[in-house]
Amino acid sequence: MVDRTNRVIGTATAWLDPDHHGELYGQIHWVAIHPEQQGRGLAKPLMSRACAALRELGHDKAYLATSTGRIPAICLYLHFGFRPEITKPEDDVVWNEMKQYIPSLTG
C-alpha cells in the first residue's frame with residue numbers, strides 16, 4: 001500500500017499452505033501499516049486485497065496466526081471472518097481471557 005506520494009505505508013503477504021492440518025489453505029502471513037499511518041482504517045482495504053488475492057488463486061479457506069497482544073489486529077481479523085482455532089485446552093484458556101479485551105468473542 002502506498003500513499004499519494006508513492007511512499008510505502010503498508011504491506012500484506014498471502015500465500016499457499018499445502019498442508020495446514022492435512023488440507024490446502026491460503027495463509028495471510030503479514031499485515032503491517034506504518035506506525036505513522038495506524039488507526040486510520042488502512043488495514044481493512046489491505047486485508048480485503050490480501051483475501052481477494054487468495055480467492056483469485058482459488059482458495060476458499062484461509063488462516064493466519066497472531067499474538068494475544070495484538071488486540072486491534074485480532075479485532076480486524078475477526079471482522080474478516082477469521083475465528084480462533086481451539087485445538088488444545090491451553091488455547092481455550094487464552095481465548096477465554098481475551099474476552100475481556102474483545103467483546104465480540106463472547107457472542
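Student: Which residues does Leu64 touch, not counting residues up to four places away in sequence?
Tutor: Keep in mind that this is a predicted model. Contact here means heavy atoms within 4.5 Å. Leaving out residues up to four places away in sequence, Leu64 touches Ile28, Met47, Tyr77 and Phe82.

Student: Which residues of the largest nonpolar core touch the most other members?
Tutor: This core has 15 residues. Leu64 belongs to the group you ask about.

Student: Which residues does the second, separate core include?
Tutor: This core stands apart from the other one and has 5 residues. Among them are Ile74, Leu78, Met98 and Ile102.

Student: Is Val31 buried or exposed?
Tutor: Val31 sits in strand 2. Its relative accessibility is 11%. Buried means under 20%. Therefore Val31 counts as buried.

Student: How far apart in space are Val31 and Ile9?
Tutor: In sequence, 22 residues separate the two. In space, go from C-alpha to C-alpha. That distance is 11 Å.

Student: How many disulfides does the structure hold, and why?
Tutor: A disulfide needs two cysteine sulfur atoms within 2.5 Å. The closest cysteine sulfur to that of Cys51 is in Cys75, 16 Å away, so the gap is too far for a bond. Seen from Cys75, the closest one is in Cys51, again at 16 Å. The number of disulfides is 0.

Student: Which residues are closest to the centre of the largest pocket?
Tutor: The largest pocket has about 470 Å³ of space. It is lined by 20 residues. Closest to its centre are Leu64, Arg83, Pro84, Glu85 and Trp95.

Student: Which element gives the most to the lining of the largest pocket?
Tutor: Strand 3, helix 2 and helix 3 each give two or more residues to this lining. By class, the lining has 12 nonpolar, 4 polar and 4 charged residues. The top contribution is 4 residues, from helix 3.

Student: Which residues are closest to the centre of the second largest pocket?
Tutor: About 360 Å³ of space lies in this pocket. Its lining has 16 residues. Closest to the centre are Ile33, Ala43, Pro72, Ala73 and Leu76.

Student: Which element gives the most to the lining of the second largest pocket?
Tutor: Strand 2, helix 1 and helix 2 each supply at least two residues here. The lining has 9 nonpolar, 4 polar and 3 charged residues. With 4 residues, the element that gives the most is helix 2.

Conventions. Residues are numbered from 1 along each chain as its sequence is written. This is a predicted model: local features need pLDDT of at least 70, side-chain atom pairs count only at pLDDT 80 or more; totals for chains, interfaces and linings use all residues. Side-chain values use heavy atoms; hydrogens and water are left out. On a 1 Å grid over the protein atoms alone, a cavity is a set of points where a 1.4 Å probe fits but cannot get out, and a pocket is an open set with protein on both sides within 12 Å along at least five of seven lines; lining residues have an atom within 4 Å of a point. Grid points are joined across faces, edges and corners, and a volume is the space filled by probe spheres set on the points. Ala, Val, Leu, Ile, Met, Phe, Trp, Tyr, Cys and Pro count as nonpolar, Asp, Glu, Lys and Arg as charged, and the others, Gly among them, as polar. A nonpolar core is a set of buried Ala, Val, Leu, Ile, Met, Phe, Trp, Tyr and Cys residues joined through side-chain atoms within 4.5 Å. Buried means under 20% relative accessible area, exposed over 50%, partly exposed in between (1.4 Å probe, protein chains only).
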